[in-house]
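Reader: Walk me through this model, please. I want each term tied to its cut-off.

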Amino acid sequence: MAFSDFDPPERFVAGTVGPPGGRTFFLQARGRGRLVSVSIEKVQVGILADRIVDLLDSVGGPEGSDAVAEQHVDTDALETPIEDEFRVDTVSLAWDEERSAVVIECHDRDPEEESPSESVRVVLDATSARAFARRCQAIVAAGRPPCPFCGQPLDPEGHICPRANGYKR
């Protein structure tokens with residue numbers, strides 16, 4: 001099993017490549033002269049952000065507050081080259097009480113085995129975790145606008161709207 005550990009990372013961000021509607025989502029960690037990028041589903045990024053926010057709201061204390069994270073905004077693009085180490089199958093999230101830190105693990109599943117074939121582990125202090133979650137929420141929200149009738153994403157040329165009985169909007 002290949003295992004990459006970033007405790008703590010110099011940088012850990014979510015980002016995308018491609019136009020809305022055709023974006024590929026990545027998590028990228030840098031530390032100790034190494035850069036690791038893994039591809040991940042958009043919905044996984046959104047859920048991870050929501051769970052981090054929930055976790056920090058309950059146990060993160062003042063260091064994990066939204067106000068403190070505003071001062072640690074990272075809006076830079078993903079670092080290049082973006083070489084996908086693996087596609088994330090499962091994500092786990094934990095709170096390290098002794099260190100007041102969030103632990104994020106991303107795993108790829110080998111279809112022939114029951115254990116992960118590759119994993120990335122990132123440990124973030126509460127402030128960095130909140131800033132990471134805020135960035136995740138922003139990139140998920142930056143996609144295609146929703147249809148005002150059905151809520152599905154609108155393509156530039158419109159879409160077949162189920163609420164309009166199949167007519168194109």
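Author: The chain has three helices and eight strands. From the N terminus the order is β-β-β-β-α-α-β-β-β-β-α. This is a predicted model: local features need pLDDT of at least 70, side-chain atom pairs count only at pLDDT 80 or more, and totals for chains, interfaces and linings use all residues. Residues are numbered from 1 along each chain as its sequence is written, and side-chain values use heavy atoms, without hydrogens and water.

Reader: What makes a run a helix or a strand?

Author: Both are DSSP runs, numbered from the N terminus: helices are H or I with at least four residues, strands are E with at least two.

Reader: Which residues line the largest cavity?

Author: Phe12, Leu27, Gln28, Ala29, Val36, Val38, Cys106 and Val120. Lining residues have an atom within 4 Å of a point. Strand 3 (24-31) and strand 4 (34-40) each supply at least two. Strand 3 gives the most, with three.

Reader: How do you know how many lining residues are nonpolar, polar or charged?

Author: Ala, Val, Leu, Ile, Met, Phe, Trp, Tyr, Cys and Pro count as nonpolar, Asp, Glu, Lys and Arg as charged, and the others, Gly among them, as polar. The lining therefore divides into seven nonpolar, one polar and no charged.

Methods:
1 Å grid on protein atoms, 1.4 Å probe; cavity = no way out; pocket = protein on both sides within 12 Å on 5 of 7 lines; lining within 4 Å.
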